[in-house]
Every structure is written in structure tokens, then in C-alpha cells.
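Subject: Structure for your review

Dear colleague,

Please find below the structure that I am handing over to you, together with its sequence. My findings follow directly after it.

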Amino acid sequence: MNIALITAGGVGERMHQEIPKQFLHIENKPVLIYTLEAFEHHPNIDAMIVVTLDGWKDLLWAYARQFNITKLRWIVSGGETGQQSIFNGLKKLKEENIDDNDIVMIHDGIRPMVSSDIISNNLATVLKYGNATVCIPCREVMMLSEDRLSSVECINRDKLLRTQTPQSFYFKDIWWAHEEAGRRGITTAVASCSLMETLGKRVFFSEGSEKNVKITTLDDLDIFKALLHTHQDEWLKR
């Protein structure tokens, strides 16, 4: 079974809005629902679990009914950190006795433009290598700074990748990683891939897209709105 674990527990401080960014309505639909629809419509996704804020669960169930999100099986409370929120979701899956070899695709609820191809490529990679993190090349010149005012050095961008989500693992492996993190006192891993790397595991990559934008600022929201109305010109080669 392939399960999408959607993290939607952020309060969106950088957006400066009265409601969390994942619940902002864009063209009469919450951002989070766009994300859920991407996994709902993918034929290889069997179920979804959402980790979100207390006080928003009932509303999310209502939205799921309104927008016909039938694969949503569980909604659980988030934690104080992203790492804890993911672990909360995993603990619920453990309670539901999912198989150790089920695949868990961890995805940001505020990446609503994740495509079917990204999901498919990610699944193919985890099946081949045992885990998969969506990445894109780093095209900008990268400068290292210690004070955000002046440079220390220029970093070779050819060796850099920008990670996105989904980040996928067999359940037994990501469960081990979170339990091991607890034993070692690791509490602030910013992503599942970085947690695996910290624990000495090799991380494998699948192809992402610049369109797979993470909505964290108002600028990102403008980009998302534009992408909703963007259609690929037929004459452009892929």
C-alpha cells in the first residue's frame, strides 16, 4: 500500500494572515485541498493521512466531503516541530497496523502543484533504491555568508540540489529513523531526508519541478495563482 502523509500543521507566521496558509482559499478552494486532490487522483496512492492543527480537523473533514477526497483515512494533531508532526502521523499508522513494507510519501500540504509525474517518479525511485526525495538542480550562484551581509565563499552549484517533497520511505525505515532520533536526542530535523542523512543513511533522488512551489510567503501565493492558469504551449518540447 502507498500512503501519502500530508503535513499541514504550520501556523503560517510569515504569511501574516488570520488563518493558516494551508486553509487559505484560492478560487474558492483551500490550498490544502489542491494538494490532497493531487494524491486523490493518482492511481497508485491508496490512502492519505493529514497531520494538522488542533481546531481544524472537523473543518478539514468537511472540506474532504465537499471536494470528494475519498482517500483521506486519518487526521491527527501536529507536534511542536515538523519532525514531531511527522512522527505523530507515523504513530497513527503504526496503530492502524500498516505493513512494514508499505510506502509512506511525506509531502508538504502547502505544495499544491505537485504533479502526477513527480509522484510517479518518486514511487519508482523508492521501489528501486529504498527511499526517494524529490529534488531539482540548483541553477543560481550560491554564496556562503555568516552574517547575510557579505560573502565567505562561493559554493559549486553543480554539487548542490534543492530538495522538495514528496520524500518517500518504506514504513519500517522511516519508523526506525524517528525512533533512533529519539534515542539520540535529535529533535529538530528540518526534513525526513536530512534526518536520514544525519543517521548515516544514503538518500536517493527523484526529479522535481520548479512548479512544485512551497507556499510560505505572499510571493509564493502569487506564483501559485499564476500556475493555476498556466498551460504548456503545445510546440514546446519536453
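In this predicted model, the side chain of Arg111 forms a polar contact with the side chain of Asp108, at 3.0 Å. A polar contact of 3.5 Å also links the side chain of Arg111 to that of Thr165. Arg111 lies in the loop that runs between β4 (103-108) and α4 (116-129). With a relative accessible area of 8%, Arg111 is buried. Leaving aside residues up to four places away in sequence, Arg111 touches Thr35, Thr163, Gln164, Thr165, Asn212, Val213 and Lys214.

A disulfide is a covalent bond between the sulfur atoms of two cysteines. With a cut-off of 2.5 Å between sulfur atoms, the model has 0 disulfides. For Cys135, the closest cysteine sulfur belongs to Cys193 and is 6.8 Å away, so the separation is too far for a bond. Cys154 is likewise in no disulfide: the nearest cysteine sulfur is that of Cys138, at 9.9 Å.

Are these two residues buried or exposed? Cys135 has a relative accessibility of 6% and so counts as buried, whereas Cys154, at 48%, counts as partly exposed.

With kind regards

Methods
Residues numbered from 1 in each chain as written. Predicted model: local features only at pLDDT ≥ 70, side-chain atom pairs only at ≥ 80, totals over all residues. Heavy atoms only, no water. Buried < 20%, exposed > 50% of the residue type's maximum accessible area, 1.4 Å probe, protein only. Helix = DSSP H or I, 4+ residues; strand = E, 2+ residues; numbered from the N terminus. Polar contact = N/O pair within 3.5 Å; in protein donor to acceptor, adjacent residues only side chain to side chain. Contact = heavy atoms within 4.5 Å.
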